[in-house]
2 protein chains.
Amino acid sequence: MNRPPTIKDVAERAGVHAATASRALNPATRGMVNARTANRVAEAARALGYAPNSAARSLRTRTSSVAGVLVPDLRNPVFPPIVRGIEDGLRDAGYMALVGNTDGDPERERELVTAMRGRQIDGFILATSSRSAAFAADVAVPTVLVNRRTDNGGIPSVTADNAAGIHLLVRHLAELGHTRLGHVAGPRELSTGWERYRAYLDATASAGLEPVVEFADAFTETAGHAATLRLLSAHPELTAVLAGNDLIALGCYSALADLGRTVPGDVSVTGFNDMPFVDRQRPSLTTVRIPHYDLGREAARLLLERIAAPDSPAKRVVLPVELVSRDSTAPVKS
Amino acid sequence: MNRPPTIKDVAERAGVHAATASRALNPATRGMVNARTANRVAEAARALGYAPNSAARSLRTRTSSVAGVLVPDLRNPVFPPIVRGIEDGLRDAGYMALVGNTDGDPERERELVTAMRGRQIDGFILATSSRSAAFAADVAVPTVLVNRRTDNGGIPSVTADNAAGIHLLVRHLAELGHTRLGHVAGPRELSTGWERYRAYLDATASAGLEPVVEFADAFTETAGHAATLRLLSAHPELTAVLAGNDLIALGCYSALADLGRTVPGDVSVTGFNDMPFVDRQRPSLTTVRIPHYDLGREAARLLLERIAAPDSPAKRVVLPVELVSRDSTAPVKS
């Protein structure tokens, strides 16, 4: 009833033998069939919506031209443009993306990886890995990390230049006269959180400033709100807060409002990522722009390289970032 | 080298015959193996990351437990929560989602559908369909539309109650004293644009108001900007604009700013969807909340029903919406 059309259906419609239809549709053997016949077969295939049976080919070659893509949660605005970039990058090579959400739960990640491997996928692109990521390294298919990386560098990765971004923000705030800059850092176990935290320590040290840090439990507005309240109650003298990412920065906004302090009048706030619509926040958010879409495309490219040559050395690609100065930062009050 | 582990590898590790390992891992035959052996096999499978070969099963049963999900562009903030809902809904039944972006291009949609069918997927969930959608109806596998529907109702669909949403907005504006309400409608060929436009005509008629409409070429900020300029230059007397969706409403904001008119001081503006972060716009946007995530979950449920019973009647599920009143609407100036 809902049976997909087979090569026999195509042959019948085109009025040729199945073997002829098969040869006509295979680029490698098309030359063996005369051009008029080949066109008639192609037309019949198109009309019937015939697609070569990838499941059969998959079983024969043990590949499926499908990559598994795992993200923590597609609803976090950082991920849709990354996934879109991955999809476009894969498609150029005839690959498609199976997408799964892990909610950052290693058990859920493991289940998804197992389920995807059972479907004979050709590789993984993971935006979910923690810094240790013992698990991902065990996966015996080509794997690339995007936006995250592991400490030991054993898995190829594509990330934004987190350290450079934080240095840009600290310099920006220092130029505005701020000397008491606090950091609401992202989770320590994620490379994004950790790299930005380390860069904050380096940048404040080289500017001769005292580091003041509070860690948020997650890269979320709620966690950012709670951590900002802890940071400001311990250090009411701060005039600027660097948030670990844009969502944490939105949590800073609401926490500062709760404390009756204005942004940027009393306290300047910065984010990280330049996710969609932070230019429209009240106030619009000063942040660091990471090239989301390009991270995805580059990860796809790296995975395809890896599938072609699984034993090549694990490359790390780091893409440049830029400071986007908006209304949430202002000169320190004199 | 990167060969996935086979049942033989599992059997070897567990020290049993392959047939025993196979029986131990199949829930239907596990009872034929003694419990200690079954546990040893399960442990070996877990340690090796063994997954039953779905490609082989797929060829045998011609199903893959994979659904194809097509959206216009994952970067439009409406779609990530819908896709997340779909993924969660499918996963409960052991299904996964292959995701593709069409950019609203029918040719690209056709290519993706063909490529996905070649991978023996079990069904489609399309957020891309136009009202006519002759193509989607031809797809010989179970298909469900989400957020969109076709005029003839031949394909099951899950949509938000677009008409009720527009009626809520018109009543809200009328209660604020507005009598000159314009509509920047979405594209006519999409059910979302068309249903909201028709509801605007009905709602203004029953309130005894004159309808004034301009169509945007797309559901984008840019198209909304251009259409608002056309609408206001022809009808400078308007005191309120209902936008076809939130992105069009953001285009209204910038067009009105270009014309030197304030929101909501001079003109009230409403959106549709309540996409993430419109509560944070300047001014925060009055809109209609559609249950994005639930649309996705419901679409997954409907597809699974459809796969189980492909010839059952094509259901249409319409989920309720609610008015979210914020700062972009205010009483009309007296």
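This report walks through some helix contacts, ring pairs and backbone details of a predicted model.

If you look for the handedness, H8(A) passes H9(A) in a right-handed crossing.

Which residues of H8(A) meet H9(A)? On the H8(A) side they are Asn162(A), Ala163(A), Ile166(A), His167(A) and Val170(A). Their partners in H9(A) are Thr192(A), Glu195(A), Arg196(A), Ala199(A), Tyr200(A), Asp202(A) and Ala203(A). The residues of this contact divide into six nonpolar, three polar and three charged.

## Rings that pair up

Over all chains, the structure holds four aromatic pairs. One of them joins Trp194(A) and Tyr197(A), with 5.3 Å from centre to centre and 50 degrees between the planes. This pair is tilted. Both residues belong to helix H9 of chain A, and because they are three residues apart there, about one helical turn separates them.

Tyr197(A) has 15%, so it counts as buried. Ring pairs also bring in Phe215(A), linking Trp194(A), Tyr197(A) and Phe215(A) into a cluster.

## Two exposed residues

Now switch to chain B and find Gly208(B), in the loop between helix H9 (191–206) and strand E7 (212–215). With a relative accessible area of 66%, Gly208(B) is exposed. In sequence, Gly208(B) and Thr179(B) are 29 residues apart, while in space their C-alpha atoms are 9.0 Å apart.

Back in chain A, Thr222(A) sits in helix H10, which covers residues 221–234. Its relative accessibility is 65%, so Thr222(A) counts as exposed. Along the chain, Thr222(A) and Ala47(A) are 175 residues apart, and 53 Å separates their C-alpha atoms.

## Cis peptide bonds in chain B

The peptide bond from Val263(B) to Pro264(B) is cis, with omega near 0 degrees. You will find Pro264(B) in the loop between helix H11 (246–258) and strand E9 (268–270) of chain B.

The peptide bond from Arg282(B) to Pro283(B) is cis as well, and its omega is near -15 degrees. Pro283(B) is in the loop between E9 and strand E10 (287–289) of chain B.

## Positive phi angles

Where in chain A is Asp274(A)? This residue is in the loop between strand E9 (268–270) and strand E10 (287–289). Asp274(A) is not a glycine, yet it has a positive phi of about 55 degrees. Its relative accessible area is 13%, and Asp274(A) is therefore buried, the cut-off being under 20%.

Asn147(B) lies in the loop between strand E4 (143–146) and strand E5 (157–160) of chain B. At 8% relative accessibility, Asn147(B) counts as buried.

Note on methods:
Residues are numbered from 1 along each chain as its sequence is written. Chains are lettered from A and ligands numbered from 1 in the order in which they are written. This is a predicted model: local features need pLDDT of at least 70, side-chain atom pairs count only at pLDDT 80 or more; totals for chains, interfaces and linings use all residues. Side-chain values use heavy atoms; hydrogens and water are left out. A crossing is left-handed if the near helix is turned anticlockwise from the far one by less than a right angle, and right-handed if clockwise. Helices (H or I, at least four residues) and strands (E, at least two) are DSSP runs, numbered from the N terminus. Contact means heavy atoms within 4.5 Å. Ala, Val, Leu, Ile, Met, Phe, Trp, Tyr, Cys and Pro count as nonpolar, Asp, Glu, Lys and Arg as charged, and the others, Gly among them, as polar. Rings of Phe, Tyr and Trp (its six-membered ring) pair if their centres lie within 6.5 Å; planes under 30 degrees apart count as stacked, over 60 as edge-to-face and the rest as tilted. Buried means under 20% relative accessible area, exposed over 50%, partly exposed in between (1.4 Å probe, protein chains only).
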